[in-house]
2 protein chains.
Amino acid sequence: MNPETQLAQLKSILNKYSDLVAAIGLLHWDLETQMPSGGSAGRGYQLATLTHIAHETFTSDQVGQLLEDLLPYAEQIDPDSDDARIIQVTDRLYKKRVRVPANLMAEIAKAASDAHQVWVRAREEADFASFLPSLEMILSLKRQYADHFRPFEHMYDPLLDDYEPGLKTADVQAIFSALRPRQVELIRAISERQQVDDSFLHLHYDESLQWKFGVEVISDYGYDWQHGRQDKSAHPFTQDIGIGDVRITTRVMDDYFPSAFFSTTHESGHGIYAQGVDPNLDRTPLSKGASLAVHESQSRMYENLIGRSRQFWSHYYPRLQEIFPDQLGNVATDEFYRAINKVEPSLIRVEADEATYNMHIMLRLELEIALIEGSLEVKDLPEAWHAGMQDYLGLAPPNDTLGVLQDVHWSQGYFGYFSTYALGNLLSAQLWEAMVKDIPDVDAQIQRGDFKPLTAWMREKVHHHGAKFKPQELIQRITGSKIDPDPYMRYLTQKYSEIYQL
Amino acid sequence: MNPETQLAQLKSILNKYSDLVAAIGLLHWDLETQMPSGGSAGRGYQLATLTHIAHETFTSDQVGQLLEDLLPYAEQIDPDSDDARIIQVTDRLYKKRVRVPANLMAEIAKAASDAHQVWVRAREEADFASFLPSLEMILSLKRQYADHFRPFEHMYDPLLDDYEPGLKTADVQAIFSALRPRQVELIRAISERQQVDDSFLHLHYDESLQWKFGVEVISDYGYDWQHGRQDKSAHPFTQDIGIGDVRITTRVMDDYFPSAFFSTTHESGHGIYAQGVDPNLDRTPLSKGASLAVHESQSRMYENLIGRSRQFWSHYYPRLQEIFPDQLGNVATDEFYRAINKVEPSLIRVEADEATYNMHIMLRLELEIALIEGSLEVKDLPEAWHAGMQDYLGLAPPNDTLGVLQDVHWSQGYFGYFSTYALGNLLSAQLWEAMVKDIPDVDAQIQRGDFKPLTAWMREKVHHHGAKFKPQELIQRITGSKIDPDPYMRYLTQKYSEIYQL
């Protein structure tokens, strides 16, 4: 058989696999946004069955044989071509996934589905004990999963690699070690200055008007409603069901403006990324982003580098005042700008300011590694969380809703995921510096509410390529260096020096 | 291997199959209620892939072998036991489905998915020509499908049998031939009497209040919101995603009260049926209803025998007046009762009164048979529809939106489905007569808004059994005879004699 025929066969299997992944995506999205509670048991079975079939489809002997035959062909053609990358990326994923039995994948899917409503209820009721058995089960399954990758440098490596291909635990720890003292120093310096007033953000803001304003802004950003929609969920997320259907969710607090707005702009960044992948890569494993950190670079960019910038609000603030005249009519743009950038150690990660955000991530990474290693038991997690919050941010949560139960991730088995948020912060600034070289006028454009050149740049450099390149390779190609904390620290320091007169 | 082990193996495969069917159900529900238009192409692929896998799973050699080994075992155990029925029903389905290639099933699924938005748009724009290629494609595929069942008495038989196991085209034609003159005579007699006034039904009725009232009523009926939800769609439908998650949809017209209310009560009947299947049958092919006619007996019962009855409105009308005082404050209960039962030949099936409804079905059956036989070409369908409407109801639709484009069914490949609506009407009255013997007090209960005994009776006699019995067998067990038009004609004659003083 010639390579073209073999490649067509491989793609046909990958198409089928991707259709299953899309259906799994819909089952997930529905579970978190639409499903009545009575559907919970069935949903677990459905997710387990589809995950099992998807895993078997991807790791079949036929795929293994096709890849073996096609790897030399991939070496001969343009190394940046879609075909070469489809073969190579699939081969990397195949060699990883073939180690794991389909039954274990199905068990993890079922446990995660079953745990969702348990977590939602436990979070509502600040009742960690009711969530404990679910989390123990999931952790045990994820440890079994990691076990299939022995030998490894660190047991956390294969989990991290699922979200951040090629990155090791030691790499992240090194980056975080370099970062931590600089962030601690920044937070300390800010804490000595006079605090800004953000009391007007805590007034009553009508839910539907908040929703409407968020929709206006992300439509301007370039989020495409023909290929997406927005719903409410307990924890905001983005789910693609193929490139043509990329859905975002948010949550709205009627007594705190920033929550919905910044989660909406955040998710729109994920959405714009997923909507912008080259359609040639649809229905292949390359149709997702390069990694979660690269994904997070986009969500954090639209949320923070744009959405918390002075230029942005010089354009949108009059509009916001028009919508909320009672709340903001007497608040100046500059006051508002400083309020949404107020730095203050706080309990909830997704509401955290940019200076303290990464501290939340460092805590989670430390706890995850301890859980996976086995040096921390799940039952001791709330206490370890308390101690960690004291250490990192000088705060103790009054209950587990504001503590260990706040994030959806562990209930879904997403161990290895959290550090990508901090890495995404770093990348957002690193990509921004590269972009500014090509679009020196970008600040003025944002001031006019024009995001087209900026989004087009990200499309071409980042979104379009899907998962063709590993994250470090992609970043190196675009910025000339690997993940680098310096641009982010420059960005934070400059921004807060101005706001807090450091 | 002993039969118990083999049965466990069979059930395990059926569970997997049912999970896939549930996921397909969600993909469908989402397509009609939530999906952004950009998801359309991907959805076709997803449905095709899952349908292909589901079909292959169900028709595998392993299933064939297990069934062959298990059939003698099923003969030895209690013939009404779940296990005996699971083996026998699965065997019947297997022998049918194994004749059809998985690729054809996948093609039909893809064509139907692709056609959905084409139909929605064509219906909105009264543009049959734009829908013609889709419908030609689907008809051609369904004819290919039927071809796999040669030899047959009639080419329409295998299609009908998919919805109404065991019933032949000739059976339905015989029932309809007996029914038609009696319905024609009833409509004629009514047409000679003075028409009732229903102008107050055509006033402005607030959408959200209509929605709220419908929810109140179907909650009283017993529709369980823990295991369901209601959304809007172009064409009302019920979709179960397993027994624990049975969703209904409706559509609301703000200038005509009956539309949303009767489609809501109609779909709630399907919903209550699907929610009431014995949980032991969940994740097997027996978890659906006995047939579509039996399903329709329940939807038409909650919609009409209850929802258009004098007793029902003697309880609910004061509440409805309270909600719509401007529209109904001066309309007496009896006036309202007669208005919602007004008989008048009309263009839209789902809005038709009980006396003319079956005429719509007879027309569709005639056209479907002609299309499947090949004696009518799709391009000539609008003209045939016009001629048929003149013949059956003395009306011609002014455009195709009010004519051939009104129903979703053909766009979804549901050829063979329509006659089950009329059969369901017959069964609704037949079951009602049987129920009244056990619950002579039912009218007084309805007058109190108490549907518990009635719904409990249907639960026990009908819903609980899922698809364990073929429709004719089930009806015979409950009522002592097979499908019989007499009870329905008795019901109609009695009802309209009183309203129209025949």
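## The sheet in chain B

Let's start with a pair of strands: S1(B) and strand S3 (residues 246-250) of chain B run in the parallel sense and are joined over three bridges. Within this pairing, Asp231(B) sits opposite Thr249(B) in S3(B). Keep in mind that this is a predicted model.

These two strands belong to an open sheet of three strands in chain B, ordered S1-S3-S2, and the pairing is mixed. At the edges you'll find strand S1 (230-232) and strand S2 (238-240) of chain B, each of which pairs on one side only. On average, neighbouring strands of this sheet are turned by 25° against each other, ignoring direction. Helix H9 (residues 207-221) of chain B packs on the sheet, where it touches S1 and S3 of chain B, and its direction makes about 150° with that of S1(B).

## Strand S3 in chain A

Over in chain A, strand S3 (residues 246-250) is largely enclosed by the rest of the structure, because five of its five residues are buried. In a regular strand, side chains alternate between the two faces of the sheet. Both faces of S3(A) are covered: Val246(A), Ile248(A) and Thr250(A) are buried on one side, while Arg247(A) and Thr249(A) are buried on the other.

S3(A) also has two pairing partners to look at. With strand S1 (residues 230-232) of chain A, S3(A) pairs in the parallel sense over three bridges, and Asp231(A) has Thr249(A) as its bridge partner. With strand S2 (residues 238-240) of chain A, the pairing is antiparallel, over three bridges; here Thr238(A) is partnered with Ile248(A). S2(A) and S3(A) make a hairpin with five residues between them, and Gly242(A) in the turn has a positive phi of about 85°.

## A kinked helix

Next up is helix H12 (residues 310-323) of chain A. At 1.5 Å a residue, its 14 residues should span 20 Å, and the end C-alpha atoms are 19 Å apart, which agrees. Still, H12(A) has a kink of about 45° at Tyr316(A), shortly before the proline Pro318(A).

Tyr316(A) is also one of the buried residues of H12(A), which include Phe312(A), Trp313(A), Tyr317(A) and Leu320(A). The buried residues of this helix pack against several other helices of chain A, among them H9 (207-221), H10 (257-275) and H11 (292-306).

## Where the chains meet

Finally, the two chains touch. Chain B and chain A each put 31 residues into the contact. Between them they bury about 2500 Å², with 58% of it on carbon and sulfur atoms. On the chain B side, Leu26(B), Pro36(B) and Gln46(B) lose the most area to chain A, together 18% of what that side buries.

Note on methods
Residues numbered from 1 in each chain as written. Chains lettered and ligands numbered in written order. Predicted model: local features only at pLDDT ≥ 70, side-chain atom pairs only at ≥ 80, totals over all residues. Heavy atoms only, no water. Helix = DSSP H or I, 4+ residues; strand = E, 2+ residues; numbered from the N terminus. Expected span 1.5 Å × (residues − 1). Bend = angle between axes of the 7 residues up to and from the residue. Buried < 20%, exposed > 50% of the residue type's maximum accessible area, 1.4 Å probe, protein only. Contact = heavy atoms within 4.5 Å. Pairing = 2+ DSSP bridges. Axes fitted to C-alpha atoms, helices over the stretch in contact; angles between N-to-C directions. Buried area = accessible area lost by both parts, 1.4 Å probe.
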